[in-house]
Amino acid sequence: MTTKKLFLYFPPTKIDAPIVYHLVKEHNLTVNIFRAKVTPDENGFLVLDVTGDDENIESGIEYIRSLNVEVNEQSKGLRWEEEKCVHCGNCVPHCPTDALSVIDRQTMRISFNENLCIQCLSCIENCPFSAVKSVF
Amino acid sequence: MKTYEEINARIEAKKALVLTAEEVIGYVERKGLEQAAKEVDVVTTATFGAMCSSGCFLNFGHSKPRIRMSEAWLNDVRVYTGIAAVDVYLGATELRHNDPANMYYPGEFRYGGGHVIEDLVAGRKVQLFALSYGTDEYPRREVRTWFEMKDLNQAIMVNPRNCYQNYNIAANCSEKPIYTYLGMLKPKMKNLVYSSAGQLSPLLNDPLYETIGIGTRVWLAGAQGHVYAEGTQHAPSVNRTSLGVPTEGAGTLALTADMKQMKAKFVRGASFKGYGTSLALGIGVPIPILSPEILRRTTVRDCDISAPVVDYSSDYPNKTGKILGTLTYEQLKQGEVQLGGKTVEVGSLSSYAQALEVAQLLKEEIQRGEFLVTRPIAPLPAEGTVKPLVIKGKKQ
């Protein structure tokens, strides 16, 4: 079993296929959606984890691409700008997955582990220095 | 025992032994107090955090024809003009014109006085808009122009209250989230927020104000400034430990320095959701080691410093004076504490990492012979409390 984080970018045209249903039902994938905004006639996005056999993940991605939806596995939904971060640590108790954490209790420096981020965006609301930004 | 003059002679000869307030702890443990006091010349202390009582005086020079500004805005943030013709005072917590504040609660407060100050120090262009009623010698009624720091005659930061000696730890015991100057506090005390550099903090290393006084040269965001007065709300008469360390707010410093010499990294506009805007500053203060006792006080550790936990949903706004308990900075820096029978997550609004950097930068400046220590021209008051505002009629 593999888990992959996928970033889907929807073109500003109407796509009425129930994508998630097909991923679950026909490609046997477990889907965990983090963030989504899909509106007709506008650019949209969907950020999700898919879990399943490599083969099924491949066929699922192929299916999504056949709908003219861009699939990106490298994208980042959230950007931590280290040069803007003052390492105060106010974000840390608000991050539910420890993606933002104090890496060294001697220096109290903060680091961002993107793989743990579920894009709840609470860091953005709680950073006084705008050091975290959403790319969407 | 050393004198200020002897220490400065060693600094000028680039022979001074300078340690940060963190390094000095281990140094004294190894060498012993008496020996270390002979060797160490200066201990550098520092802090980095939001200091709402910050602002600056700016002078624009005169336009042709002249204007006596009676109302003015910088990037739409109102400045105080009730002073001479083209002088203004810009305060860190001033909001931008048309900011809805908390009308859409909790407000975002994305840009305010603190951000204008950050923009100026970072060398960014800022828009000035000023109005006037017009006078015979100042006939211009309106001006709109762009400027940057180098165009100003003076830009002097003047902060009536910085470097709080110690500070509350904020909690929220209510059933709903609250938004404060110590950040968002989750309901039912799910998190605590503190704001102090603890063992690095200037006034915690000189708790009885033996070397820090009026006239002391300080490192204010990279510029050499000085303490110009006791800070507002300076209240030294509080409970203290046997080392003299206050277990609550206590002393404060009023600081000033030339903003043109400041480093942008240590002057940062801040937005607190639901509260407002502020300015975060990096400040360093050197402590000359005049005696073993002064050295002993600089070896204070996070485990020796405690602060009160205050409920910001009721006890703080209603000024009940009640506290939920006390915690040391050593406990707080673990990120999790036990309080009221449960485990609570801890966040911070001051940056220990940036304070460490300031202490190191100041240490290097002293080692290079570029930053001398100063004998205060007057001490800070050693006694005093904060008076409350009593609401009363004219004849009461």
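Modeller: Happy to! Contact here means heavy atoms within 4.5 Å. By that rule, 27 residues of domain 1 of chain B are in contact with 31 residues of domain 2 of chain B. Please keep in mind that this is a predicted model.

The domain assignment of chain B gives domain 1 as 4–52 + 158–367, and domain 2 as 56–156. Their C-alpha centres lie 31 Å apart. Between them, domain 1 and domain 2 of chain B bury about 2,000 Å², and carbon and sulfur atoms give 63% of that area. On the domain 1 side, the residues that lose the most area to domain 2 are Met259(B), Lys260(B) and Thr277(B), which together make up 34% of what that side buries.

Now for the polar side of this boundary. The count between the two domains of chain B is 12 residue pairs in polar contact, both residues at pLDDT 80 or more. E17(B) gives the most, with 6 residues. By class, that side of domain 1 divides into 15 nonpolar, 7 polar and 5 charged residues. As for salt bridges, the count between domain 1 and domain 2 of chain B is 1. Elsewhere in the listing for chain B, the side chains of Arg268(B) and Glu118(B) meet in a salt bridge, at 3.5 Å from N to O.

The side of chain B that touches chain A has 13 nonpolar, 10 polar and 6 charged residues.

In total, 29 residues of chain B are in contact with 20 residues of chain A. The two chains bury about 1,900 Å² between them, 52% of it on carbon and sulfur atoms. The rule finds 1 salt bridge across this interface. Lys273(B) forms a salt bridge with Glu125(A), with the closest N and O atoms 2.8 Å apart.

Over all chains, the count comes to 13 aromatic pairs. Among them, Tyr105(B) and Tyr179(B) have ring centres 5.6 Å apart and planes at 85 degrees, so this pair is edge-to-face. The pair links distant parts of the chain, 74 residues apart: Tyr105(B) is in the loop between strand E6 (87–91) and helix H4 (113–121), while Tyr179(B) is in strand E11 (residues 178–180). Tyr312(B) and Tyr316(B), by contrast, form a stacked pair, at 4.2 Å centre to centre and 10 degrees between the planes.

For reference, chain A has its own domain boundary, between domain 1 (2–72) and domain 2 (78–134). There, 5 residues of domain 1 are in contact with 7 residues of domain 2, and the buried area is about 480 Å², of which carbon and sulfur atoms give 35%.

Definitions and conventions: Residues are numbered from 1 along each chain as its sequence is written. Chains are lettered from A and ligands numbered from 1 in the order in which they are written. This is a predicted model: local features need pLDDT of at least 70, side-chain atom pairs count only at pLDDT 80 or more; totals for chains, interfaces and linings use all residues. Side-chain values use heavy atoms; hydrogens and water are left out. Buried area is the accessible area (1.4 Å probe) that two parts lose on being put together, summed over both. A salt bridge is a side-chain nitrogen of Lys or Arg within 4 Å of a carboxyl oxygen of Asp or Glu. Ala, Val, Leu, Ile, Met, Phe, Trp, Tyr, Cys and Pro count as nonpolar, Asp, Glu, Lys and Arg as charged, and the others, Gly among them, as polar. Domain bounds come from an automatic or database domain assignment. Rings of Phe, Tyr and Trp (its six-membered ring) pair if their centres lie within 6.5 Å; planes under 30 degrees apart count as stacked, over 60 as edge-to-face and the rest as tilted. Helices (H or I, at least four residues) and strands (E, at least two) are DSSP runs, numbered from the N terminus. A polar contact is a pair of N or O atoms within 3.5 Å; within protein, one must be able to donate a hydrogen and the other to accept it, and residues adjacent in sequence count only if both atoms are side-chain atoms.
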